[in-house]
Amino acid sequence: MHDHAPDHDLPAASATHPLIARLEQEFDYPRLCSAEDMADFLARPGVHCLFVPGDPRRNLETADAAVILPELRLTFQNTFDCAVVDDAIEAALREETRALKTPGFLFYRDGAFLGAIEKVRDWSDYLARVTHILSLSPA
């Protein structure tokens, strides 16, 4: 007899995919659970990437994106820091940025939205898009 229910019996909001949990535990990406968390994170100096995972049970690309993001950060020599967007604020953030498809990487500088990369892409596409986004000035 088990003391706990398996993950597949948990509501989506409380179940964290192991590869998303890895971002938080191994890479120390904070989880942004409120507008205040997000504002505090984006107020830090530098460029920031918010990972909008979507529902990993319905979108198999979410796990791939969770593996790709740390590799992208390393490739760009830690030019940007990263955070995971919680379900609680995901829908509002997607609507605000018009980056509606998940998974998504949303980039900010000085609190201003620079651009998004939605869905999983080819590696060369990521390199080109991130290079372009990092070259932009906040509006």
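Mentor: A nonpolar core is a set of buried Ala, Val, Leu, Ile, Met, Phe, Trp, Tyr and Cys residues joined through side-chain atoms within 4.5 Å, where buried means under 20% relative accessible area (1.4 Å probe, protein chains only). Bear in mind that this is a predicted model, where local features need pLDDT of at least 70 and side-chain atom pairs count only at pLDDT 80 or more. Residues are numbered from 1 along each chain, and side-chain values use heavy atoms, leaving out hydrogens and water.

Trainee: What makes up the largest nonpolar core?

Mentor: That core has 23 residues, and among those with the most contacts inside it are Phe51, Leu69 and Phe105. Helix α3 gives the most, with five residues.

Trainee: Which residues does phenylalanine 105 touch?

Mentor: Contact means heavy atoms within 4.5 Å. Leaving aside residues up to four places away in sequence, Phe105 touches several, including Cys49, Leu72 and Tyr126.

Trainee: How do you know that β1 pairs with β3?

Mentor: Strands are DSSP runs (E, at least two residues), numbered from the N terminus. Two strands pair if DSSP finds at least two bridges between them. Two bridges join β1 to β3, so by that rule they pair, and they run parallel. Leucine 32 stands opposite valine 85 in β3.

Trainee: Why do β1 and β5 stand at the edges?

Mentor: The open sheet has the order β1-β3-β2-β4-β5. β1 (31-32) and β5 (112-118) each have a single partner strand, so one side of each is left without a neighbour in the sheet.

Key. Helices (H or I, at least four residues) and strands (E, at least two) are DSSP runs, numbered from the N terminus. Buried means under 20% relative accessible area, exposed over 50%, partly exposed in between (1.4 Å probe, protein chains only).
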